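Work through the exercises below. Try each task before you read its solution.

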Amino acid sequence: MIQRTLPIAFAIVFGVFMLAQYFVPHPWVARGYNTVLDWKQIVFGCTLTLGVFSLLRFHGRKLLRRDPGALFSGVALVSCIATVLAGIFFGIEGGPYRWLFERVQAPMQATLFSMLAFFVASASYRAFRARSAHATILLVAGCIVMLGRVPAGDILGFDAGGARYSLAGIASWILDIPNLAAKRGILIGVGLGMISTSLRIILGVERAYLGQSRSGGGGS
Amino acid sequence: MSEIQRPAPGSAPGSAPGPASGPRGSLGVLAALDRRWIYLAMALAVAIPMLAPVRLPIVISKEVEAFHREIEALAPGDQVLFSFDYEPDVMAELDPMTEAILDRLFAKGIQVIAMTNYAGGVGIGQARLEAAARRHGKTYGTDYVFLGYNPDWSGTMLRLGESIKATFPVDQFGRPTAEIPLLATCDAYRDIELLVSIAGSQLSEFWAAYAGARYGQRMVSGNTAIQAIFIYPFYQSGQIKGFLGGLKGAAEYETLIERPAFGVRGMGSQSAGHLLIVALVIAGNVGYFLMRRKGLLQGNRLRAVERKGRS
């Protein structure tokens, strides 16, 4: 009973408070608001620590059971522990900690991400087909924006009615008008959805965040 | 039945033609190019212009001009909050603009209060700040400060509106922020002239919502090219006063401040890469339509290819 009621009570109390503080400029309310923000950061820090322990436990188990890919789990564990120890014993301003970041983590992350250029090229070639009117519009707009976002787009273009239309200019129009209209519509929709979900949580109707598969009422 | 219509040994009935079982001849080359050739072409398209730089004309967009105006409007001694909201995965794209902006801020005598909302951004922020400060002979604590990383970005963005020193009791190196001279007269958004968020994610939008809408903080951003598309509504509404989109944005800004560097140099590679992708898309479509027209893709095979394309 308390496992369900207490979190809901917390959500209602703090939800209503954080909503009300926006409109009440009283110093007491401001102090409460700052305290809630401080606690929010403390809770976030605890979840981060929990995440690290969860990661260590997951890979530790895989390693002990010698599951498939246990070698990679070992690498993950050694890297994690070595980085922590480097930070603790040598400090974070320089030394091995910074070396690990600059010479190991940064190049690895950058390399992994740069692979996308190859996969995007291959995937575009294979999947980007003008099969229907919608697909054709998407394909043409995509190609124009892709060329319009590089200097080549300023060189490529055509003349019509005495005016010069560069691909960069057309790409700007696509981004400024159709893209903006669609994005704004999505943003407004997301905003309304967030308000509705927040109200449902504050009023105790939405309880999915407690790990329950169904909300308390009115559907999930 | 022609060779192309016969499934390759071991392939499922109705599966799309792969390079091994693909058509032969010019149509086949267009429709079923081996991915290894694509990878090789992409590697060359990116590497050659980097090794032999090509000078391309760089036209300044209105959003970059607006970004530049915001920076130029700052006076010496003004304080800027600079957030390194990215990790090493996108540093090739965002580092050039970060370096150009920091150089410009330090050259103008602007005081920089830096932080990051990503744990992985700490190393990037520290290195870029120190390098820029060295280039301009700036002193830590009086000309710039690095607050480091605070867990919970939304709480941090909101809390900074109340007190910087309460949000970050110590800087990245453990020094109490209350003892840092730069922060003696600066403790919240109301003391900060401009917020600069360099982000590889949606964090610029959240800065606009939390620091901008709630506390009226003036801000500009620098974003990856893919993320820049999402910034347009905020730019048009005036919530973000200007932004740099991807490496092209960096190149435009470098041109504006007459400091050509990696952004300008990277334009050749980026142009070649984009042209290659468009050429591949055109080649793929030409091959597909010619084969379809000649009836080489029929029945189950055609439906399978179309299904594969949709999924």
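A nonpolar core is a set of buried Ala, Val, Leu, Ile, Met, Phe, Trp, Tyr and Cys residues joined through C-beta atoms within 7 Å. Buried means that 20 or more other C-beta atoms lie within 10 Å of a residue's own, all placed from the backbone.

The model is predicted: local features need pLDDT of at least 70, side-chain atom pairs need 80 or more, and totals for chains, interfaces and linings use all residues. Residues count from 1 along each chain as written, while chains are lettered from A and ligands numbered from 1 in written order.

**Exercise 1.** Find which residues touch the most other members of the largest nonpolar core.

Solution. The core holds 94 residues. Val80(B), Tyr86(B) and Ala114(B) touch the most other members. Next, look for the main contributor: helix α12 (262-293) of chain B gives nine residues, the most. Helices (H or I, at least four residues) and strands (E, at least two) are DSSP runs, numbered from the N terminus.

**Exercise 2.** State the strand order of the open sheet in chain B.

Solution. The order is β3-β2-β1-β4-β5-β6, with parallel pairing. Strands pair if DSSP finds at least two bridges between them. Now take one pair: five bridges join β1 (79-85) to β2 (111-116) in chain B. Across from Ser83(B) stands Met115(B), in β2(B).

**Exercise 3.** List contacts of Val80(B), leaving out residues up to four places away in sequence.

Solution. Contact means C-beta atoms, placed from the backbone, within 7 Å. Val80(B) touches several residues, including Leu74(B), Leu105(B), Ile110(B) and Val196(B).

Note on methods. Buried ≥ 20, exposed ≤ 12 C-beta atoms within 10 Å, placed from the backbone. Contact = placed C-beta atoms within 7 Å.
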